[in-house]
Amino acid sequence: MYPKLFDTFSAPLASVKPSRRSLVLGALASGLVLSVGFRWQSSAQAQEAAKPHPFNPYISIAADGKITIYSSQFEMGQGAYFGIATLVNEELDADWAQINVVGGFGDVAAFGNLAWGGAAQGTGGSTSMTSSWERYRTAGAALRMMLAEAASKAWGVPVSEVSTARGIVSHPSGKTATYAELVTAASALLVPATVPLKPRTAWTQIGKAGLKRYDSRMKTDGSAQFTIDVKLPGMATAVIIHPPKFGATVASFDASKAKDVKGFVDAVQISRGVAVVAENMWSALKARDLVSVAWIEDKAEQRNSADILVAYETQSKAAPLAVARNDGDAAGALAAAGKVLEASFSFPYLAHAALEPLNAVASMTDGTLEIWGGHQMPDLYQYIGSQIAGTTPDKVKLHVMKTGGGFGRRAVFDADVVAEAVETAKALAWSRPVKVQWTRENDMRGGRYRPAYVHAMKAGLDKDGKIIAWSNHIVGQSIMSGTLFEGMAVKNGVDFTSVEGAANVPYDIPNVAVGLSTMQAGVPVLWWRAVGSTHTAYAVETFLDEVAEAAGKDPVALRLELLDKHPRHMAALKLAAEKAGWDKPAAEGRFRGVAVAESFGSVVAQIAEISIPSPGQIKVERVVCAVDCGTAINPDQVAAQMEGGIGFGLSSILGEEITLTAGAVDQGNYDSYTPLRIEQMPKVEVHIVPSEGPPTGAGEPGVPPAGPALANAVYQATRKRIRTLPFSKGFTA
Amino acid sequence: MIKVNINGQDREVDAEPDMPLLWAIRDVLNLTGTKFGCGLAQCGACTVHLDGQPIRSCQTAIGDVGAGRITTIEGVSGKVAETVQAVWTELDVPQCGYCQSGQIMSAVALLEQNRKPQDSDIDEALSGNLCRCATYARIRSAVHEAARRLEA
């Protein structure tokens with residue numbers, strides 16, 4: 001997820017695995033040996049997928065020609081499955097119409113995230129293509145070589161004379177065979193010792209904007225299956241009553257009145273509340289309303305979120321508790337500066353609010369626990385499921401479902417709703433499969449928010465208007481402390497995710513101090529699409545605009561001046577400025593703002609253009625975006641992620657906020673927590689900086705610059721700086 | 001048993017009359033293309049057609065449907081629907097895809113009534129359909145492109 005983190009992760013592994021390539025081939029080879037029963041399949045799937053295939057674990061070809069790719073990466077809309085299929089098929093030369101992708105699990109050697117040193121399977125930090133780049137191309141290439149070799153042996157011709165295209169091997173003599181016809185013979189061959197990959201110049205799929213997602217059709221006719229759609233024989237549906245405040249626990253509950261509801265099955269206590277179980281969702285909802293729960297609130301968070309922020313603001317004026325960066329002498333330079341700018345920013349808690357409320361299905365059959373869900377961290381969920389069930393991870397079979405939006409929410413250290421489903425099924429003595437389905441209110445009030453933060457910023461200018469000092473004190477909760485990742489992500493009191501985007505501020509300033517004060521609050525927090533950069537980029541990029549104004553400089557020109565040592569930033573910024581026509585004045589009634597931010601290995605520059613259609617209203621008309629994400633494997637999907645990231649970023653800045661009153665979350669549904677709607681969406685133009693570098697992030701990096709670019713445009717229109725978010729909280733244009 | 005007409009078929013639904021149409025469609029009739037997102041008519045993921053008009057099935061009781069003809073994403077058909085679905089696929093509108101059944105049901109209803117929608121018409125017709133992936137720019141392009149093809 002974060003380069004520093006992965007360095008720590010990968011160091012011990014590097015000594016045993018000479019290269020990523022050998023890791024891939026090793027896994028392929030072991031797949032050949034362990035060809036039977038290597039991968040879990042349900043009985044229905046087993047019939048459908050014909051025989052277990054030796055090309056496990058990455059690719060299987062069924063007798064009917066259907067190709068299944070087993071993805072290490074989780075699909076939540078960002079197109080990871082399509083990206084991986086593109087990498088495989090660039091080398092495999094299969095027919096796209098035959099290709100499907102499903103989630104793999106349970107084999108860390110094969111599926112461990114290589115951006116994390118391969119130590120665990122998981123999806124996060126926009127690393128899917130970085131991790132998959134060589135692994136899945138190599139898998140596709142090795143399989144193609146074996147199919148070609150099988151054909152050459154069958155036909156008695158040199159392998160150099162056979163060619164492959166659209167799932168068919170052919171020879172100039174006119175002989176042809178489909179991949180499916182060759183698969184049995186191919187599976188008896190040794191995996192090639194060396195697997196050359198196509199040179200960039202030979203690519204026909206990678207980097208081609210015209211290549212379309214294989215999964216769009218199933219998402220337009222209702223046939224795509226999500227966890228909510230899982231239905232098993234005898235399955236019950238459970239709705240959870242969670243504590244009204246974070247940290248409260250069940251004292252007792254009374255479900256006697258619920259027994260009158262038709263379809264009610266049972267109400268059972270689980271670790272975080274009460275599960276109300278019924279034959280279907282409506283019965284469960286009706287029964288839930290009749291169950292009363294008494295709570296123990298002694299240890300619960302009881303504060304208002306406003307009070308939490310006041311405490312943060314107080315701390316922001318004191319000395320930071322930890323140092324994230326210290327170049328030169330920022331305090332001394334500020335004291336000596338001709339002009340000092342100061343600003344304080346306040347960021348609220350934010351909910352992921354994905355459209356599919358959290359859910360999972362658990363079922364125990366003959367000693368095997370099966371769990372259907374959005375398994376973003378499969379190894380962990382398999383382990384936690386086994387712990388609850390009192391069995392071993394190898395007796396836990398996961399079904400990795402596509403999910404209706406994620407944005408970070410499906411990757412949780414305690415397995416969250418997955419654990420609830422297993423606990424509920426266990427409480428029913430494994431008598432039947434159980435689907436736990438959260439309501440929107442469960443989801444909105446379930447915590448795991450983007451933490452609230454306060455930033456105190458100072459900048460010093462010398463008498464010539466040159467910036468000589470920069471100070472940024474960040475105050476808020478740590479995402480990583482107390483989790484499995486603490487050892488890797490928290491160093492000397494600094495949680496990397498609290499300061500990313502701020503500690504690595506790219507501008508060439510001689511004296512820079514970035515401090516962090518990690519605060520305690522009883523509100524569960526989590527990564528939220530783009531994580532630290534969701535607040536740091538806003539504080540840095542809007543404050544730099546204030547510096548530009550104080551220095552009497554154009555905001556793009558000043559950035560370019562200060563980015564001399566960062567060619568990727570410069571290139572992205574120049575491209576965005578050029579495409580937005582920055583060198584010409586904005587059209588009558590239009591106002592523009594700029595921001596640039598690096599996150600997850602990619603650099604994104606955006607120029608937002610707004611109008612004020614009537615007093616008090618802001619309309620975001622257009623956002624021009626330039627992105628350097630290394631090699632863009634699917635350029636149209638990079639564009640889609642930038643479009644979506646911009647919408648997601650604007651959404652939070654304009655009108656998203658989770659607040660607490662006496663510890664209870666005020667927002668429950670989309671009437672009070674208000675994601676962006678279509679009428680608020682600007683036109684978006686995405687330009688990709690040409691690159692031959694390895695792929696870097698795309699899912700998250702579109703988010704950070706959107707808010708500050710907008711805020712900087714709003715300043716041009718209104719001369720107002722917005723430092724308390726969201727805009728809806730008191731700002732009028 | 002409650003009699004309803006869904007996707008052109010008369011069906012008997014074993015449900016209490018207060019069950020929202022959404023849960024009758026999903027849990028009883030096993031048509032899962034229609035999605036649950038909020039239960040409060042705030043997100044539009046549950047949009048279906050009742051006699052051709054888009055409605056939020058989470059706010060309509062199965063007992064109130066009467067003789068009305070229900071159409072879900074699985075049953076939506078005709079030139080407009082086919083064009084919309086084809087364009088949606090060609091432009092790669094969906095990301096996670098979860099809201100898209102509802103988006104398409106709203107878009108089809110709009111184009112059935114207005115073959116030349118302006119941006120403001122699209123905003124109005126689709127404002128009730130949240131997309132947390134923010135595929136809105138492509139949704140707007142897709143509606144315009146579908147309108148263009150239907151005119152051609």
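Which residues in helix 4 of chain A meet helix 6 of chain A?

## Two helices in chain A

From helix 4, the residues are A:A80, A:G83, A:I84, A:L87, A:V88, A:E91 and A:L92. Their partners in helix 6 include A:S128, A:W133, A:Y136, A:R144 and A:L147. Contact means heavy atoms within 4.5 Å. Helices are DSSP runs (H or I, at least four residues), numbered from the N terminus. By class, this contact has eleven nonpolar, four polar and three charged residues. Ala, Val, Leu, Ile, Met, Phe, Trp, Tyr, Cys and Pro count as nonpolar; Asp, Glu, Lys and Arg count as charged; the others, Gly among them, count as polar.

Helix 4 of chain A spans residues 80-92, and helix 6 of chain A spans residues 128-155. Their axes come within 7 Å and cross at roughly 35 degrees. Axes are lines fitted to C-alpha atoms, for helices over the stretch in contact, with angles from 0 to 180 degrees between N-to-C directions. The crossing is right-handed, that is, the near helix is turned clockwise from the far one by less than a right angle.

## About the model

This is a predicted model: local features need pLDDT of at least 70, side-chain atom pairs count only at pLDDT 80 or more, and totals for chains, interfaces and linings use all residues. Residues are numbered from 1 along each chain as its sequence is written, chains are lettered from A and ligands numbered from 1 in the order written, and side-chain values use heavy atoms, leaving out hydrogens and water.

## Where chain A touches chain B

Here 63 residues of chain A are in contact with 52 residues of chain B. The two chains bury about 4,700 Å² between them, 53% of it on carbon and sulfur atoms. Buried area is the accessible area (1.4 Å probe) that two parts lose on being put together, summed over both. In chain A, A:W282, A:L355 and A:I678 lose the most area to chain B, together 17% of what that side buries.

## Salt bridges

A salt bridge is a side-chain nitrogen of Lys or Arg within 4 Å of a carboxyl oxygen of Asp or Glu. Between chain A and chain B the count is eight. A:K286 forms a salt bridge with B:D18, with the closest N and O atoms 2.8 Å apart.

Another lies within chain A. A:R440 pairs with A:D443, and their closest N and O atoms are 3.5 Å apart. These two residues are about one helical turn apart because they sit three residues apart in helix 13 of chain A.
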